[in-house]
Amino acid sequence: MSNSQPIEVLFFASLCEQTGRDSATLDASLAATVADVWQQLCPTLDMPVNTLMAVNQINAKADSAVAGGDEVAFFPPVTGG
Amino acid sequence: MESPNTPYTLAIVNLSNQELLRYSRHTMLPQFGIKAQEKLKNARVLVLGAGGLGSPAALFLASAGVGTIVLADGDTVELSNLQRQVLHGESDISRAKVDSAADSLRAINSDIQVETINARLDGEALSTAAASADVVVDCSDNFATRFAVNAACVASRTPLVSAAAIRGEGQITVFDSRDAASPCYRCLYAEAEAGQENCSTQGVLAPLVGVMGSLQALEAVKILSGNAAAVGRLLLFDAWNTQWREIRLSRDPACPVCAPPTP
Ligand SMILES: [Zn+2]
């Protein structure tokens, strides 16, 4: 877990439209948790309620730790049927 | 006992000659065979919602030969439903969705039993219906129902095939409370009234519900036939970009629904 590598960030489906991007990289020194990643990349947008989060394709929570080289992904909540 | 319906392949086969022919494209699959088809025939599946997801899910469960399908929905058919809810037709407008749906399912397969509940199930009725089902297929359209269905399935250890679709995005996973390691819906989503969105305010791409609802029938058929289902894997579909992603789910040790009670 080296902080020299950036964090790779993905926004899925309608979160791309809401955040204005589908992917980003973030200097790992700027974020210790998943919530920090969102805050750094979307400082003016609150994370929607029940947004799903994953670190390296494993379900994560806002306070889950992140490090350089990790892939952090955000997915919109879906309830419709 | 001689009967025109008694197949002569094996004495223990509980499928008629007509059924053996009808399901021959199933039974010739090595993962399936006659045994799995008999399991489907003996199975009872609860489908919650006869709308966008429930339409393809119930249609494929019926055509695949699930012996008893219980459909629950309290809505009536509206013109704006017809864009994607393929169980219903123009002549069904204003009818109860479960009545319209039952007619469609029986037209496809008169060998199966279709039971209808013209209500949004909750409370004791939901618990009873979930406990008596071999698989529950959640095709509902709101968080409140989804949390209630999840709690009922965890309590009765009934496998739950859960999918959702809105706009151009869909999700599907399987929760199987018979498996001690399986997460539940509440491990994934925190209970909250906020963030409520539905297809009537957000819109939804018609074939997207076909994709997700058909996948629900697929997972249900795999569970019933003794094949492995997508437990612990959340599949997420971006219809506009035709892109799938997958995330691994694990049980939340602090989950208020499925975590074992602390002594
Ligand atoms: Zn849980």
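Student: Which residues are the protein donors of the zinc ion?
Tutor: This is a predicted model, in which local features need pLDDT of at least 70, side-chain atom pairs count only at pLDDT 80 or more, and totals for chains, interfaces and linings use all residues. Residues are numbered from 1 along each chain as its sequence is written, chains are lettered from A and ligands numbered from 1 in the order in which they are written, and side-chain values use heavy atoms, with hydrogens and water left out. Donors are N, O and S atoms within 2.8 Å of the metal (3.2 Å for Na, K and Ca), and water is not among the atoms, so sites may look incomplete. Lying 2.3 Å from the zinc ion, the protein donors are the SG atoms of Cys184(B), Cys187(B), Cys255(B) and Cys258(B).

Student: What is the geometry of the site of the zinc ion?
Tutor: Four donors count as tetrahedral if all angles lie between 85 and 135 degrees. The angles among the four donor atoms of the zinc ion are 95 to 124 degrees, and the site is tetrahedral.

Student: Are Cys187(B) and Cys258(B) buried or exposed?
Tutor: Buried means under 20% relative accessible area, exposed over 50%, and partly exposed in between (1.4 Å probe, protein chains only). By that definition, Cys187(B) and Cys258(B) are both buried.

Student: How far apart are the closest N and O atoms of Glu246(B) and Arg233(B)?
Tutor: A salt bridge is a side-chain nitrogen of Lys or Arg within 4 Å of a carboxyl oxygen of Asp or Glu. Glu246(B) is partly exposed at 29%, and Arg233(B) is partly exposed at 34%. Their salt bridge has its closest N and O atoms apart by 2.6 Å.

Key:
Four donors count as tetrahedral if all angles lie between 85 and 135 degrees; four count as square planar and six as octahedral if opposite donors are over 155 degrees apart and all others between 65 and 115; anything else is irregular.
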